[in-house]
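Please look over the chain shown below before reading on. The paragraphs after it lead from the overall fold to the helix contacts and then to a pocket.

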Amino acid sequence: MATSSPTKRASTPSPSKHRHSALRETRDRAGALLSVAAVAGGLAAGLFFTDDRSLSVGWVALVGAVVAVAGFAGIVLSTVMVWRPVEGQFVHDAGVIVGLYLEGDPPVGLPALHRELALWLGEQANSNRHQLSGRLKWFNLGLLFLPVEVVGVIVALGDAARG
C-alpha cells in the first residue's frame, strides 16, 4: 500500500487555493475590462465634444451614444458584481474545529472527526464553487457589453465625423 509523504502533500496546492486564485484573477480581469471600457469611452467623448461637433450631430449619433453608455453601464455593473465581497471561506478555522469537536462534551472520536471535516470541506467547496461560477457569469456578461459599447462609440463618432 503506497502512502504519500507529508512533503508531497504540503507542496500540492489545495482546491480552495485554486478557487481563491481563480477569484483573484477574475477580479483582476474585471478591473482591466472596466479600465479598457473607461478609456475607450473617454477617448470617444473627447473626440465627440471637440470642435463643436456635438452641436451638429444627428439622431444616429445620439442613438450610438446611448448604446455606448448602456454598454459601459453594463460593464460597470458586471465589474461591481465580480468585485463584491466574498461570503465563502477559503481557509479553515482551527479554533472552531477544536472547540466543537475535540473539547466538546463528550469529545468526538477521530473517525467521526474525519467524517465531519470531510463533509464540511465538501460543503465549503460546493459553496465556493457556486459563488465563483456566479462571478464568472457576471464577468462573461461584462465581456458581452464591451462590443456593445464599442459599436455605440463607432456609430456616434461616425455620424459626428460626417457632420
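The model is predicted, so local features need pLDDT of at least 70 and side-chain atom pairs count only at pLDDT 80 or more, while totals for chains, interfaces and linings use all residues. Residues are numbered from 1 along each chain as its sequence is written, and side-chain values use heavy atoms, with hydrogens and water left out.

The chain has five helices and zero strands, and along the sequence it reads α-α-α-α-α; here helices (H or I, at least four residues) and strands (E, at least two) are DSSP runs, numbered from the N terminus. Of the 163 residues in the chain, 24% are buried, where buried means under 20% relative accessible area, exposed means over 50%, and partly exposed lies in between (1.4 Å probe, protein chains only).

Helix α3 (residues 59-83) packs against helix α5 (residues 110-162) at an angle of about 160°, and their axes are 7 Å apart. Such axes are lines fitted to C-alpha atoms, for helices over the stretch in contact, and angles run from 0 to 180 degrees between N-to-C directions. The helices α3 and α5 are therefore roughly antiparallel to each other, given that angles under 35 degrees count as roughly parallel, over 145 as roughly antiparallel, 65 to 115 as roughly perpendicular and the rest as oblique. The crossing of α3 past α5 is left-handed, a term used if the near helix is turned anticlockwise from the far one by less than a right angle, and right-handed if clockwise. The residues of this contact of α3 with α5 comprise 21 nonpolar, six polar and three charged; Ala, Val, Leu, Ile, Met, Phe, Trp, Tyr, Cys and Pro count as nonpolar, Asp, Glu, Lys and Arg as charged, and the others, Gly among them, as polar.

Two residues of α3 can be followed individually. Val63 lies in helix α3 and, at 44% relative accessibility, counts as partly exposed; its C-alpha atom is separated by 7.6 Å from that of Gly152, 89 residues apart along the chain. Ala65 is also placed in helix α3 and counts as partly exposed at 26% relative accessibility, while Ala65 and Val151, 86 residues apart in sequence, are 9.5 Å apart in space, C-alpha to C-alpha.

Helix α4 (residues 94-102) packs with α5 at an angle of about 135°, with axes 11 Å apart. The helices α4 and α5 are therefore oblique to each other, and their crossing is right-handed.

The largest pocket has a volume of about 200 Å³. Of the 14 residues that line the largest pocket, the closest to its centre are Gly41, Ala44, Ala45, Ala65 and Ala68. A pocket is an open set of points on a 1 Å grid over the protein atoms alone, where a 1.4 Å probe fits, with protein on both sides within 12 Å along at least five of seven lines, and lining residues have an atom within 4 Å of a point; grid points are joined across faces, edges and corners, and a volume is the space filled by probe spheres set on the points. Helices α2 (15-48), α3 and α5 each supply at least two residues of this lining, and the largest share, five residues, comes from α5.
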